Amino acid sequence: MNKNKKNSKKHLKSKFYECGGAGVSRNRFYCSKCGPGVFLAEHKDRLTCGYCGYTKWK
């Protein structure tokens, strides 16, 4: 296994939104402390904000 190879998985902001006929819908939740624009990361058992550390359990 090559340890110098970077992870090819990239997180694109465009995947957090979905365009439809009525407008734009958001696929992820916002952080309730940081406000709109800061999305929560989805884990198996929780949602976590990477900016402030807020955690919401599923």
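Lys 58 counts as exposed, at 59% relative accessibility; here exposed means over 50% relative accessible area, buried under 20% and partly exposed in between, with a 1.4 Å probe and protein chains only. The model is a predicted one, in which local features need pLDDT of at least 70 and side-chain atom pairs count only at pLDDT 80 or more, while totals for chains, interfaces and linings use all residues. Residues are numbered from 1 along each chain as its sequence is written, and side-chain values use heavy atoms, with hydrogens and water left out.

Lys 58 forms a salt bridge with Glu 42, and the closest N and O atoms are 3.8 Å apart. Because Lys 58 lies in the segment after E6 and Glu 42 in strand E4, this pair ties together parts that are 16 residues apart in sequence. A salt bridge is taken as a side-chain nitrogen of Lys or Arg within 4 Å of a carboxyl oxygen of Asp or Glu, and the whole structure holds two of them. The side chains of Asp 45 and Arg 46 also meet in a salt bridge, at 3.0 Å from N to O. Asp 45 is partly exposed at 37% relative accessible area, and Arg 46 is partly exposed at 27%.

Of the 58 residues, 14% count as buried. The accessible surface of the chain comes to about 5400 Å², and 52% of this belongs to carbon and sulfur atoms; the areas come from the Shrake-Rupley method with a 1.4 Å probe, and for residues only the protein chains shown count as cover.

Strand E5 can be followed through two hairpins. E4 and E5 pair in the antiparallel sense over three bridges, pairing being assigned if DSSP finds at least two bridges between two strands. Three residues lie between E4 and E5 in their hairpin, and Leu 40 stands opposite Cys 49 in E5. E5 also pairs with strand E6 (residues 55-57), in the antiparallel sense over three bridges, and Lys 56 in E6 is the bridge partner of Leu 47. The hairpin of E5 and E6 has five residues between the strands, and Gly 53 in the turn has a positive phi of about 90 degrees.

Within E5 (residues 46-49) lies Thr 48, which is buried with a relative accessible area of 16%. Leaving aside residues up to four places away in sequence, Thr 48 touches Leu 40, Ala 41, His 43, Tyr 54 and Thr 55, where contact means heavy atoms within 4.5 Å.

Rings of Phe, Tyr and Trp (its six-membered ring) pair if their centres lie within 6.5 Å, and planes under 30 degrees apart count as stacked, over 60 as edge-to-face and the rest as tilted. The count comes to three aromatic pairs. Tyr 17 and Phe 39 form an edge-to-face pair, with 5.7 Å centre to centre and 80 degrees between the planes. Tyr 17 lies in strand E1 (residues 17-19) and Phe 39 in strand E4 (residues 35-42), so the pair ties together parts that are 22 residues apart in sequence. Tyr 17 is partly exposed at 33% relative accessibility, whereas Phe 39 is buried at 10%.

Terms used: Helices (H or I, at least four residues) and strands (E, at least two) are DSSP runs, numbered from the N terminus.
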